[in-house]
Amino acid sequence: MLETIRRGLLLYGHECLTAIDADEALIQIDSPQGEMIDLLLTDLTMPGKSGLSLIEQARTIRKELPVVVITGLNSSMDIQKVRDLGLPLLQKPFNPEQLDCTLREAAAAKVEDNPS
């Protein structure tokens with residue numbers, strides 16, 4: 001799934017770093033190159049840490065980092081927590097165009113919140 005999403009995003013002009021789990025993602029976000037990461041895309045369900053745990057830890061490193069969450073779950077407390085955080089949530093299955101639109105909206109919202 002990770003590789004399929006990466007390929008779809010490349011078709012829409014997004015440069016992507018991938019991480020096989022939350023710990024690898026956090027290493028990338030906290031690295032010197034981490035400031036170049038424009039957005040965190042995470043699934044709620046992953047090996048090891050949950051998507052919510054990743055979001056919480058990523059926000060301690062980069063509070064302003066926009067986040068988009070994907071999930072195949074239909075109902076759970078985690079989905080409600082994502083909604084309570086005001087984060088975009090994209091239900092599986094989705095197509096690359098839907099993902100592209102959601103990512104662009106999330107990135108645009110960050111720019112509106114923090115005009116330079």
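Start at the beginning of α2 and select Asp21: one of its side-chain oxygens comes within 3.3 Å of the backbone nitrogen of Asp23. Bear in mind that this is a predicted model.

Next, select Ala22, Ala25, Leu26 and Ile29, the buried residues of α2. Looking down the axis of α2, they fall within an arc of 100°, so they line one face of the helix. Show β1 (40-43) and α3 (51-61) as well; the buried residues of α2 pack against both.

Step back to His14, in the loop between α1 (2-11) and α2 (22-30). His14 is buried, at 18% relative accessible area. Its side chain makes a polar contact of 2.6 Å with that of Asp100. Beyond its neighbours within four places in sequence, His14 is in contact with Leu9, Asp100, Leu103 and Arg104.

Asp100 forms a salt bridge with Arg104, with 2.7 Å between the closest N and O atoms. Both residues belong to α5 (residues 96-113) and are four residues apart, about one turn of the helix. Arg104 is partly exposed, at 45%.

Now select Arg62, buried with a relative accessible area of 5%. Two salt bridges can be inspected here: to Glu64, 2.9 Å from N to O, and to Glu35, where the closest N and O atoms are 3.7 Å apart. Glu35 is in the loop between α2 and β1 and Arg62 in the loop between α3 and β2 (67-71), so this pair ties together parts 27 residues apart in sequence. Glu35 is exposed at 56%, while Glu64 is partly exposed at 35%.

How values were computed. Residues numbered from 1 in each chain as written. Predicted model: local features only at pLDDT ≥ 70, side-chain atom pairs only at ≥ 80, totals over all residues. Heavy atoms only, no water. Helix = DSSP H or I, 4+ residues; strand = E, 2+ residues; numbered from the N terminus. Buried < 20%, exposed > 50% of the residue type's maximum accessible area, 1.4 Å probe, protein only. Polar contact = N/O pair within 3.5 Å; in protein donor to acceptor, adjacent residues only side chain to side chain. Contact = heavy atoms within 4.5 Å. Arc of directions from axis to C-beta. Salt bridge = Lys/Arg side-chain N within 4 Å of Asp/Glu carboxyl O.
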